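User: I would like to go through the labels attached to this model and see what each one rests on. Please set each value against its cut-off.

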Amino acid sequence: MKVGILTSGGDCAGLNAVMSAFAKAMAAIEPKIEICGIINGYDGLINRKYRMIKPEDFFDILKLGGTILGTSRQPYKKLIQVEENTKAAQMKENYRKMGLDFLLVLGGQGTHKTAAFLSSEGLKIIALPKTIDNDIWGTDFTFGFHSAVNVATECLDRVQTTAASHRRVMLVEIMGNKAGWLTLYAGIGGGADIILIPEIPHDIDKIARAVECVEKQKGFCVIAAAEGAMDKEEALLSKKERMQKRAEAGEKTASNRIAKAIEEKLNIETRVVVPGHIQRGGSPSPYDRVICAQMGAYAAKLAAERCFGVTVALNSGKINFNNLADIAGKTKLVTPKHELVQTARDMGIFFGELC
Ligand code: F6P
């Protein structure tokens with residue numbers, strides 16, 4: 001049996017851990033398994049760039065961050081909806097030329113959309129859900145998410161002491177453009193006073209009032225704001241319009257604008273901290289290592305059962321799968337009534353929209 005493996009989209013901790021688990025379980029099921037490591041995601045499949053990798057070469061990469069195969073962003077629109085579908089045709093042709101029995105695809109939302117398309121075109125595919133954004137439909141968690149939660153939580157922990165010493169407001173900008181999961185989890189875990197996520201548009205005057213209250217109570221305030229956090233006016237715009245408006249104002253995110261407004265309205269020193277790609281780097285957390293092991297080993301079982309056109313999922317602690325066709329193109333966002341949002345509200349965490 002010959003499998004092609006590719007990792008696509010933004011990297012995260014756990015990609016190597018999943019491949020390691022898959023290779024171990026696959027080699028146990030099928031000792032003669034051949035693995036084509038496809039280089040830099042779909043780009044490698046389009047250009048037939050790969051190297052044969054012995055299963056045992058995957059065995060000791062559990063702790064290694066990033067991906068040993070390299071990755072690239074190949075937005076679905078550009079990849080599949082291009083004129084005459086040239087790239088899709090190249091991928092199908094190379095899959096055939098490489099003599100693959102199936103393709104293991106590790107990626108996020110866009111990667112899954114392309115995988116669903118290739119599957120509908122006859123390629124045998126098993127996908128695995130990765131992303132720090134945790135926004136893939138049909139799985140409670142994606143791998144990489146909890147590792148990023150750990151980093152973002154530590155950032156919030158660390159700014160608290162300096163915020164307290166200086167009696168300042170500290171705003172930590174957390175990754176997540178569309179989905180606020182990472183900010184929500186880290187915000188709760190890191191003891192933020194205010195959590196701002198894209199799914200709950202905020203009102204700057206109300207944020208200022210909340211900051212004033214928190215500041216009076218304890219002398220400092222910590223805000224966890226998603227990079228995609230937006231105010232109510234911006235929420236009425238399309239993404240393109242919003243980006244254009246922000247570009248004109250010389251800003252990519254709302255963080256500095258919020259900080260400036262707080263300083264102007266309340267005269268309290270406010271600092272913005274952006275951990276950025278640190279949230280994607282480094283070793284997977286122990287919890288991620290465990291779900292990577294579960295997901296990778298399960299993918300090998302699916303391959304042994306010739307169950308293709310699917311993506312591995314974790315639901316209420318159980319590993320199962322979804323059909324790619326059922327989940328592709330859907331985004332799992334935080335809902336304003338989600339029980340964790342409610343938990344946060346119960347603890348007095350403010351989301352920027354209520355009085
Ligand atoms: O992979 C998800 C993500 O980290 C988002 O949270 C973030 O908005 C984006 O990728 C950043 O992308 P890039 O690495 O291309 O700057």
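Analyst: Asn-40 is placed in the loop between β2 (34–38) and α2 (42–46); helices (H or I, at least four residues) and strands (E, at least two) are DSSP runs, numbered from the N terminus. This is a predicted model, in which local features need pLDDT of at least 70 and side-chain atom pairs count only at pLDDT 80 or more, while totals for chains, interfaces and linings use all residues. Residues are numbered from 1 along each chain as its sequence is written, and side-chain values use heavy atoms, with hydrogens and water left out.

User: Why is Asn-40 called partly exposed?

Analyst: Its relative accessible area is 31%. Buried means under 20%, exposed over 50%, and partly exposed in between (1.4 Å probe, protein chains only). The value for Asn-40 is 31%, so the residue is partly exposed.

User: What is said about the phi of Asn-40?

Analyst: Phi of Asn-40 is near 60°, a positive value in a residue other than glycine. Most residues other than glycine have a negative phi. Arg-306, in the loop between α12 (286–304) and β10 (310–315), also is not a glycine and has a positive phi of about 55°.

User: Why does Thr-139 count as buried?

Analyst: Thr-139 has 3% relative accessibility, which is under 20%, so the residue counts as buried. Thr-139 is in the loop between β5 (125–129) and α6 (145–166).

User: What does the side chain of Thr-139 reach?

Analyst: The side chain reaches the backbone nitrogen of Leu-314 at 2.8 Å. Leu-314 is also among the residues that Thr-139 touches, as are Pro-129, Met-295 and Lys-332; contact means heavy atoms within 4.5 Å.

User: Why does Gln-160 count as buried?

Analyst: Gln-160, in helix α6, has 19% relative accessibility; this is under 20%, so Gln-160 counts as buried. Not counting residues up to four places away in sequence, Gln-160 touches Gly-190, Gly-191, Ala-192, Phe-220 and Val-222.

User: Why does Val-169 count as buried, and where is it?

Analyst: Val-169 is in strand β6 (residues 169–174). At 0% relative accessibility, under the 20% limit, Val-169 counts as buried. Among the residues that Val-169 touches are Val-211, Cys-221, Ile-223 and Ile-262.

User: Why does Trp-181 count as buried?

Analyst: Trp-181, in helix α7, has 5% relative accessibility, under 20%, and therefore counts as buried. Trp-181 touches residues including Asp-133, Phe-145, Lys-332 and His-338.

User: How do α7 and α14 pack?

Analyst: Helix α7 (residues 181–189) and helix α14 (residues 339–346) pack at an angle of about 35°, with their axes 11 Å apart. Axes are lines fitted to C-alpha atoms, for helices over the stretch in contact, and angles run from 0 to 180 degrees between N-to-C directions. Leu-184, Tyr-185 and Ile-188 in α7 meet Leu-340, Val-341 and Ala-344 in α14.

User: What makes the residues of this contact of α7 with α14 nonpolar?

Analyst: Ala, Val, Leu, Ile, Met, Phe, Trp, Tyr, Cys and Pro count as nonpolar, Asp, Glu, Lys and Arg as charged, and the others, Gly among them, as polar. The contact therefore divides into 6 nonpolar, no polar and no charged.

User: Which residues touch the most other members of the largest nonpolar core?

Analyst: Of its 71 residues, Ile-5, Ile-126 and Phe-143 do. Helix α1 (residues 15–29) gives the most to this core, with 9 residues. A nonpolar core is a set of buried Ala, Val, Leu, Ile, Met, Phe, Trp, Tyr and Cys residues joined through side-chain atoms within 4.5 Å.

Conventions: Polar contact = N/O pair within 3.5 Å; in protein donor to acceptor, adjacent residues only side chain to side chain.
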